[in-house]
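User: I'm new to this one and would like a careful walk through a few local features. Could you put it on the screen first?

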Amino acid sequence: MSETIKRHNPDSAAHALQGLGARRDRADGKLKIQGLARYAVDHPVDNLCHAVVVQSSIAEGEISHIDSEKARQMPGVLAVYTHESGLTIHPAATFASGGAAAQSFVPLQSPRVRWNGQHVALVVAETLEQAKAAAASIHIDYVTQPAIIHPDDPLAQPKPVEDLNVDWGDAQQAIQQASVSISGTYTTPREYNLPIELHGCIADWRDGELTLWEPSQWVGGARSVVSQWMGIDIDKVRVLSPFTGGGFGSKGGIQPHSALACAASRALGRPVKLVLTRGQTFTGFGGRPRTHQQLTLAANSDGKLQAIVHKSWNETAREDTHLEPCNSVTALMYAVPNFYSRHSLVPVNTVNPGWMRAPGENPSSWALEVAMDELAYALKLDPLELRLRNYAEEDPQANLPWSSRRLREAYSAGAQAFGWSQRPPEPGTLREGRQRIGWGMASGSYPVRRTPGEAGITLRQDGTLEVRSSGADIGTGTYTILAQTAADVLSVPSEQISVLLGDTDLPRAPVAGGSQLANLLTAAVYKTALKLREELITLALGSAESPLFGARREDVMLAEGQLRLFSQPGSSLSFTELLRVAGKETLEVQADTFPSDATLEDRDAADRTSSKMIPPTSGGFSAHSWSAIFVEVAVDEDFGTIRVRRIVGAFDSGRLYNPKLAESQWIGAMVMGIGQALLEEGLIDDDNGRVLNASLADYLVAVNADIPDMEVINVGEPDYQASALGGKAVGELGIVGVAAAISNAVFHATGKRIRDLPITLEKMLAD
């Protein structure tokens, strides 16, 4: 067996325990396929009533009159709330300001309307059907005012984001002196998260305290926001999210409809259930904003980059802020001696945009990797060769060494599996009947962010082990890998270890976003399990009834739920027997990854805000995951339709705690990349800002019929500079570069360059 194979396969002990490195099935998988997993709004609550949101139909203006009297008189209606009702909701600190709210806007506090689809009324009734009927009867009159619908409106005023200014060298002069340069404008439309589980909640106000069942990527952050909304102490708020049916960023920050449910529950003294309709999710919160990038690349005749000039903007709300940093990949992917980048925000009448898988890195790689393909053709170089000639041996922006960068290995493995060496250089060369075949590739990157967190483990006298943390499992497998982590340390099969997540009563954990949670929670559980192991050994050596009494600590090992002596393998004591002889019902420990001098305020800040998130360049290294994406497309010569026929993705995400789950994340993200490249586009009415395709019938996402053969290859190795257990970012990495690789393949097939996503039939057939 080669050394490489040894590094990439779990040892026999870990495999037997289904510990870290084993391809264990999802611990929550059977519950979900059997319909037994109870999501937030499935929670049974006595005396429950139902709420329905009414949304605005204008983009800018004020409410002059709301006729809700008919609704109030309808059967079962308990209340109708508007801006005139005095339903007080206080603003909360947003993520941009170090808080956890998705947006600073709070509904029903004034007659002003900022976007089409804003929450302007709430109906609460005994049943959902009664609430819907009453909501439909409400009539609203508006005084409209001029709205800024599109970023190219003459009234739109770009706001430079000076914190994103990046400069080194003299890029403008280098462009003038370079042998070859290319320039292009690259755009992306509004894109929407659209998780299967709709956004909704159950709020239950009782005796001055509030319990909220909320599908969340961050219960600690949600708890903080709810306490601010309601103006109550945070200790009087509990948030639970046992399962999250997809979020892709949209459930990272709690949304304004939850504020309405909380306020209504307090006003009525009853639990309130509120679930947005699919159509309301398009304007109840924001997806990825429109982006616009102007990019110039210049190189010498040998293909060495000399300069990059990058100017970009993203749209945001008129009175709120969302930043989609389009230069996040541009400044670090390639070695370039001269660089200039500026980014701006363009406020328009829209709900504030939000996080969507790989925010920033996604559009940044789209522009850069298409531009690199264009430069390769201008230089008559293979696109892969151009990337290798400009390989960055260190972070060119931070001037720091990489914690690890196996991007060359990703290029090599992906190209070999794809058969890239057989690619003819000229566009339009490959054909199958009336199908033009094209091959394209692109690079991807995602940073390793880190926030401290906590975990607890309880051993009970019946031998059961329970791992606890407030961190969320958003479908990525957190339940599974935390059990695997504890199994490694305690030598107990991971299937016998239960895991509790998604509850603010549990040990603190930050947002499940930015591909950080797996690394930080495995580290916290690992430390906690080590602490429990040491306490078990101490008990075994110090209990007079124990067969290990008085033995040397270094002679003790754990195996199969028992403590044994190396020198006397027959001398053993089960965890259950140990607790009995020690006179303990349970043994409970807790540990964390905070610095030793961390205060209670530090711990709370990490749990409730973004202020303790550690950037990828902390610690003297630049920590990132890397990918190489290779794509084949077929373009119909007569109709211009595009089919992705196969994708190979090679990934460096460091150590994989569970390869099966990591591969699933990569594949899922690549599927999202296909949708982004060919299908997804929010269409906005030019006159009133309405989302014209606010349904899954009209907003197109990739379905099974759109997905080809997909191969994922792991080239990563443990990176202990990036994280305690050697892992790097997984989930968000998979989408980065996919749209660019597809666009580059379309050009190779047809000779037609599309720089505006999605790549549609109309754009293919346009002159």
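User: Is glutamine 18 buried or exposed?

Analyst: Glutamine 18 is buried, with a relative accessible area of 16%, where buried means under 20%, exposed means over 50% and partly exposed lies in between, using a 1.4 Å probe and protein chains only. Please keep in mind that this is a predicted model, in which local features need pLDDT of at least 70 and side-chain atom pairs count only at pLDDT 80 or more, while totals for chains, interfaces and linings use all residues. Residues are numbered from 1 along each chain as its sequence is written, and side-chain values use heavy atoms, with hydrogens and water left out.

User: Where does glutamine 18 sit, between which helices?

Analyst: Glutamine 18 is in the loop between helix 2 (12-17) and helix 3 (29-33), helices being DSSP runs of H or I with at least four residues and strands being runs of E with at least two, both numbered from the N terminus. Although glutamine 18 is not a glycine, its phi is positive, at about 55 degrees.

User: And what about the phi of serine 491?

Analyst: Serine 491, which is not a glycine, has a positive phi of about 55 degrees, and it lies in the loop between helix 13 (478-490) and strand 23 (497-500). Serine 491 is buried, with a relative accessible area of 15%.

User: Switching topic, in what order do the three strands of the open sheet run?

Analyst: The order is 24-25-26, with antiparallel pairing, and two strands pair if DSSP finds at least two bridges between them. Strand 24 (556-559) and strand 26 (572-574) each have a single partner strand, so they stand at the edges and one side of each is left without a neighbour in the sheet.

User: How many bridges join strand 24 to strand 25?

Analyst: Four bridges join strand 24 to strand 25 (residues 562-565), and the bridge partner of methionine 557 in strand 25 is arginine 564.

User: Which helix packs on the sheet and touches strand 24, strand 25 and strand 26?

Analyst: Helix 14 (residues 517-542) does so, contact meaning heavy atoms within 4.5 Å. Its direction makes about 120 degrees with that of strand 24, where axes are lines fitted to C-alpha atoms, for helices over the stretch in contact, and angles run from 0 to 180 degrees between N-to-C directions.

User: Last one: which peptide bond is cis, with omega near -5 degrees?

Analyst: The bond from leucine 757 to proline 758 is cis, and proline 758 lies in the loop between helix 18 (738-750) and helix 19.
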